[in-house]
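Biologist: I would like to learn how to read a protein model. Could you take me through one, feature by feature?

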Amino acid sequence: DVLTQGALQVARGCVLLMDETEMEDGKLEGVGLEGLNACRYVMTWQALPVDYVYFSHEMELDSPIIVASPGTSSFLDKGIDVDLALDMVTSPSADVEPVASFLQDVEGMKLCRAYIAYARSLEWDLPDHVSEHMSDEWVSAREADRSAGDNKLEADLLQTWLSLCRVISVSHGETEATEER
């Protein structure tokens, strides 16, 4: 009996790129469905369930996941959607080809990796006045949601807002949050 490393057992900080541009029509069953559910779990909880037959264990991860999808929906429907304005010169009629060519651009991917590594390495701070501003905005949004009868704003959305605040700040090379961003 030998333990082997699974595809999602990666080094800390490794950015996982899930490429849905090569998927074809079909039906997911068995191992494929288990893999899809494992990817969803990793995206949501940053932990990987590992089954050692005699016992189960969760391995903590620090691996952001980027999903490249040619359409508006994804099998891995967790997280935030960001539309990329890719150069359509390659094939204006095909949605998949520009995404695939972007993913195969070795120099471009090196630059993306360097940018992500730099942004992840920045120390970041949330000053008290910005925290108070975000809390006020959150309360206002919840009240507006309730008064509209929607009740769709869940408590974990505030955590998403805080994460986006950090991502937007560090994407501009800033080390602390501002009310403007």
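Modeller: Start with the elements. Helices (H or I, at least four residues) and strands (E, at least two) are DSSP runs, numbered from the N terminus. Here the elements run β-α-β-β-β-α-α-α-α from the N terminus on. That is five helices and four strands in the protein chain. Two notes on the source: this is a predicted model, where local features need pLDDT of at least 70, side-chain atom pairs count only at pLDDT 80 or more, and totals for chains, interfaces and linings use all residues. Residues are numbered from 1 along each chain as its sequence is written, and side-chain values use heavy atoms, with hydrogens and water left out.

Biologist: What share of the residues in the protein chain is buried?

Modeller: Buried means under 20% relative accessible area, exposed over 50%, and partly exposed in between (1.4 Å probe, protein chains only). By that rule, 20% of the 181 residues are buried.

Biologist: Which residues make up the largest nonpolar core?

Modeller: A nonpolar core is a set of buried Ala, Val, Leu, Ile, Met, Phe, Trp, Tyr and Cys residues joined through side-chain atoms within 4.5 Å. The largest one here has 10 residues: Leu8, Leu16, Met18, Cys39, Val42, Met43, Leu48, Val50, Leu61 and Ile65. At least two come from each of β1 (16-19), α1 (30-45) and β2 (47-51). Helix α1 gives the largest share, three residues.

Biologist: Cys39 is in that core. How many disulfides are there?

Modeller: A disulfide is a pair of cysteine sulfur atoms within 2.5 Å. The count is zero. As for burial, Cys39 is buried at 14% relative accessibility, while Cys14 is partly exposed at 31%.

Biologist: Now contacts. What does Trp138 touch beyond its neighbours within four places in sequence?

Modeller: Contact means heavy atoms within 4.5 Å. Trp138 lies in helix α4 (residues 128-147) and is buried at 10% relative accessibility. Leaving those neighbours aside, its contacts are Leu153, Glu154, Ala155, Leu157, Leu158 and Trp161.

Biologist: How far apart are Trp161 and Trp138?

Modeller: They are 23 residues apart in sequence, and 9.1 Å apart in space, C-alpha to C-alpha. Trp161 lies in helix α5 and is partly exposed, at 26%. Leaving aside neighbours within four places, Trp161 also contacts Met134, Glu137 and Ala141, among others.

Biologist: Where is Ser169, and is it buried or exposed?

Modeller: Ser169 is in helix α5 (residues 156-171). It is buried, with a relative accessible area of 0%. A polar atom of its side chain lies 2.9 Å from the backbone oxygen of Cys165. Leaving aside neighbours within four places in sequence, Ser169 contacts Trp124, Glu174, Glu176 and Ala177.

Notes
Polar contact = N/O pair within 3.5 Å; in protein donor to acceptor, adjacent residues only side chain to side chain.
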